[in-house]
Amino acid sequence: MASRGGRPRIGQVAALAGVSATTVSHALNGRRPVSEATRRRVLDAIEELGYRPNVVARGLRAGRSLTIGLVIPDITNPFYPVLARGLQDVLGPAGYDEIVTNTNGERDLERHALDKMISRQVDGIAFAVFHTHADDLRPVIDAGIPVVRLGGRQALPGVDLVHSDDEGSAAEAARYLLRGGFRRIAFVCGPAAEGPAAERVAGYRAALAEAGVAVDPRLVAYTEFSRAGGAEGVGRLLELPEPPDAVMCANDMMAIGAVDAARERGLRVPDDLAVLGFDDIEAASLVTPQLTTMANPAREIGRACARLLLERISGTVTGPSTEVVIPARLVRRQSA
């Protein structure tokens, strides 16, 4: 049943499935509701015929590239591949592909990544911001490309925001440690406590102040968002004349590094030093002791981001910036 040249066409898929070509298109791109029975007939016909949609031609007809740019600081951090999977859950059925760029959380690389996405004419950008300033996003806005920031604060009209409740979640984590009797609670965050880490530090400080516990600035350690960074930061904290009895970390990789540092000094976790992470990556339940952490639902964040981008691209959502907050939750394990 293949057309001339051997490549089946959408009309042949429609005929075999007993539906219109428009219904086949809707079943593929997910923009209009199609019953599960109809969708299954379309997919069976596609499989039987070996049909492959011409994505390039479809994008040209729609005036789109059918690509979304994802800009992240560290592709080796397990949080971000899960977030990318959440984006793909929504973007894939809609016919979109992702272009992923790693920035190491450096402002120059973040700006370069944005320029690259503009030159590639992506239809939208999901941007995990750490150091980029609001003005750095203006070229993207001027190019008419929808942008969703992942984390941080609402900073610029025309830029949407999807994030977990970073400040509230960190406050909840600090209160959990305070209820456990800890008072010398430290926080290990990024190089300058920017992006989501800044919100988490603010929540930590607010919870301590609320409990009447003095906030010792020496207990906030600035380091890299990595396992090695967490170990280095906690190492410095443990050398203080009055070391902490508990430490909160801006992500789980840093928390694993914190456990490394404690062990190297002969300390037991949590008996001598409680450690609490953030994100609940898969490794959090695989290390020993298993990490107590704030579950930051990366896949759900990715899905929410993708839905918002598609709504902006299609014009379903217009007007002022939109903020979507995904709640985090405390996961109690063994490290705190």
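**Labels and their cut-offs**

User: Why is Phe79 called buried?

Analyst: Phe79 has a relative accessible area of 8%, and buried means under 20%, exposed over 50%, and partly exposed in between, with a 1.4 Å probe and protein chains only. Phe79 is therefore buried. This is a predicted model, where local features need pLDDT of at least 70 and side-chain atom pairs count only at pLDDT 80 or more, while totals for chains, interfaces and linings use all residues. Residues are numbered from 1 along each chain as its sequence is written, and side-chain values use heavy atoms, with hydrogens and water left out.

User: What makes Phe79 and Tyr80 an edge-to-face pair?

Analyst: A pair of aromatic rings is described by the distance of the centres and the angle of the planes. Rings of Phe, Tyr and Trp (its six-membered ring) pair if their centres lie within 6.5 Å; planes under 30 degrees apart count as stacked, over 60 as edge-to-face and the rest as tilted. For Phe79 and Tyr80 the centres are 5.2 Å apart and the planes stand at 90°, so the label is edge-to-face. Tyr80 is also buried, because its relative accessibility is 11%.

User: Why is the pair of Phe187 and Tyr204 called tilted?

Analyst: The ring centres of Phe187 and Tyr204 are 5.3 Å apart and the planes meet at 50°, so this pair is tilted. Phe187 lies in strand β6 and Tyr204 in helix α9, 17 residues apart, so the pair links distant parts of the chain. Helices (H or I, at least four residues) and strands (E, at least two) are DSSP runs numbered from the N terminus. Phe187 counts as buried because its relative accessibility is 1%, and Tyr204 because its value is 0%. The structure holds two aromatic pairs.

User: How do you know that the charge of Arg200 sits over a ring?

Analyst: The rule asks for NZ of Lys or CZ of Arg within 6 Å of the ring centre and within 35 degrees of the ring normal. The charged end of Arg200 is 3.7 Å from the centre of the Phe278 ring and sits over that ring.

User: What does Gly203 touch, leaving out residues up to four places away in sequence?

Analyst: Gly203, found in helix α9, touches Glu167, Ala170 and Ala171, where contact means heavy atoms within 4.5 Å. Gly203 and Ala170 are 33 residues apart in sequence but 5.0 Å apart in space, C-alpha to C-alpha. Gly203 is called buried because its relative accessible area is 0%.

User: How is the span of α8 judged?

Analyst: The expected span is 1.5 Å times one less than the number of residues. α8 has 14 residues and reaches 20 Å from its first C-alpha to its last, close to the 20 Å expected. Among its buried residues are Ala170, Ala171 and Leu177. α8 is followed by Gly181, with a positive phi near 95°.

User: What makes a set of residues a nonpolar core?

Analyst: The set must be buried Ala, Val, Leu, Ile, Met, Phe, Trp, Tyr and Cys residues joined through side-chain atoms within 4.5 Å. The largest has 49 residues, and Leu177, Ile185, Val247, Met248 and Val275 touch the most other members. Elements giving it two or more residues include α8, β6 and α9. A second, separate core of 29 residues includes Tyr96 and Ile301.

User: How many of the 336 residues count as buried?

Analyst: The share is 49%.
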